[in-house]
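Good morning, and thank you for the time. I would like to take the group through one protein model together with its ligand.

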Amino acid sequence: MAKSVFGVIGLGVMGSNLSHNIIKNGFSLSVYNRAVEGEAHLVTDFLNEDKTEDSVFGTTQLEEFVASLERPRKIFIMIKAGSAIDYLIDQLLPLLSENDIVIDGGNSYYEDTNRRKTYLEKKGISYIGCGVSGGALGALNGPSLMVGGTHGAYNEVKVILESIAAKDKDNEPCCALLGPEGSGHFIKMIHNGIEYVEMQLLAELYALLSTQYSNNQIASIFSEWNESELNSYLLDITAQILTKKENGTYIIDSILDKAGNKGTGSWSSKVAFDLGSVNTMMASAVFARYISSFKTQREILSEQISTKREVEELNLETLKSAYKFARIINHYQGFEILRQASKAYNWSLNLSEIARVWTNGCIIRSVFMEQSIDLLNDGQSYLDHKSVINLLHKFEVDIKDILGTGLKVRISLSAFHSAYDYWIAMTTKRLPANLIQAQRDYFGAHTYQKIGHSYDEFFHTNWETI
Ligand code: 6PG
């Protein structure tokens, strides 16, 4: 058999769907999965599923897999992030040749990708960290691909990656080389941070609306919103989820309220501390998931207090405006972390291009993401636009109203609160940080700056002298 132009390692849901996508786009492909218990059937299953057997080679032998690829070899790793990737790289290395290219398509941590890239480049192998978004269907029909690596390596794989990627409204691939080394995985991590918040906002709206509306009615409200500039993939699937029944009952009502996570949301929250950026909304969404996981403790505590709720008439237009407000803040915080990282790591990220890559295929695709291409153009941020500031200021009254409702009906609205608090703090000329400085100087002589003096002048007071 002729050698394959591309190879995929890992035939889990994402890997096999991506492989079907590659074949569907006319590329010859070799696939490999280890023959360990519970996975030994994956290669044969894949080959049986795919009817274009003349363009596909499958094996559970790594040597055979590598030998079946034309050079320079292009290998897409689609396995669980973490040490398994390092183990696989060590198995692969003796079989590879100079200028081969290894692409990690998992949700790897960007610093791990930086390390692997350095390690492999010393051995003449190119390493690409590729964020893949869109879930199983995205992998099959067109994911959003956030590539981090060198121009040379990307040029070798761009035809295949851009062919399988989702297309934007101008039929351009939602796939691009966005920066060097681990930048692609960093961008995917922040994608997931924004995603967590978008999901949490919808969960908080669902909690509020459930005080007065049925699942079907909430689904109708969300479907109507989805016809507006609030349109998004997550709003669309949420409306579908709320109507789905099994044996005559709503599935959503039977699902336990304990949210899981695979780590990308907490990574995106932590990285803000390292960069001195502010992502209060991502942190609130991650902690909301963690709080949900303390189900037993919440059951015990809730039994011990009487939570009398004053149910308030909800104004749907107010809710909609508050949702718009919170989404703008979420996207602002997300893109500002990307801006900070770009500066800190000299990645020269183009935020407008990242928004374009996120307009289709990925989980956070939305009309607002389409609008963000222009809003973020030429290095601008959302808050460089008076129109956005005016909108946020206009919606303050709405978000204050729903936060008040949340307090009255005793519903936790942590993501909405973090959006509002961030905006208020960022638009307050004089914050009480002067007292923080005084306290720090009192017990630690850490000094402080003074109003009306240059920022490089520092002062200290002997606070304890009478
Ligand atoms: C995507 C998703 C995906 C993510 C899963 C699980 O962009 O396709 O973000 O990559 O890993 O949705 O994420 P959590 O388990 O962390 O919610």
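Predicted model: local features only at pLDDT ≥ 70, side-chain atom pairs only at ≥ 80, totals over all residues.

Residues are numbered from 1 along each chain as its sequence is written, and side-chain values use heavy atoms, with hydrogens and water left out.

The protein is divided into domain 1 (6–181), domain 2 (189–426) and domain 3 (430–466); these bounds come from an automatic or database domain assignment. The C-alpha centres of domain 2 and domain 3 are 37 Å apart.

Where does the ligand lie? Domain 1 and domain 2 both give residues to the shell around the ligand, so it lies between them. The ligand is surrounded by 14 residues, the closest being S133, K188, E195, Y196 and R289; a residue is near if one of its heavy atoms lies within 4 Å of the molecule. By class, this shell has two nonpolar, eight polar and four charged residues. Here Ala, Val, Leu, Ile, Met, Phe, Trp, Tyr, Cys and Pro count as nonpolar, Asp, Glu, Lys and Arg as charged, and the others, Gly among them, as polar. Helix α8 (residues 183–209) gives the most to the shell, with five residues; helices are DSSP runs of H or I with at least four residues, strands are runs of E with at least two, and both are numbered from the N terminus.

An N or O atom in the side chain of E195 is 2.6 Å from a ligand oxygen atom. For the side chain of N107 the distance is 2.9 Å, and for that of N192 it is 3.1 Å. The protein covers 81% of the 420 Å² of accessible area that the ligand has on its own, by the Shrake-Rupley method with a 1.4 Å probe.

A cis peptide bond joins R71 and P72, with omega about -10°, and P72 lies in the loop between α3 (62–67) and β4 (74–77). N171, in the loop between α7 (151–164) and β8 (175–179), has a positive phi near 60° although the residue is not glycine.

Note on methods. Polar contact = N/O pair within 3.5 Å; in protein donor to acceptor, adjacent residues only side chain to side chain.
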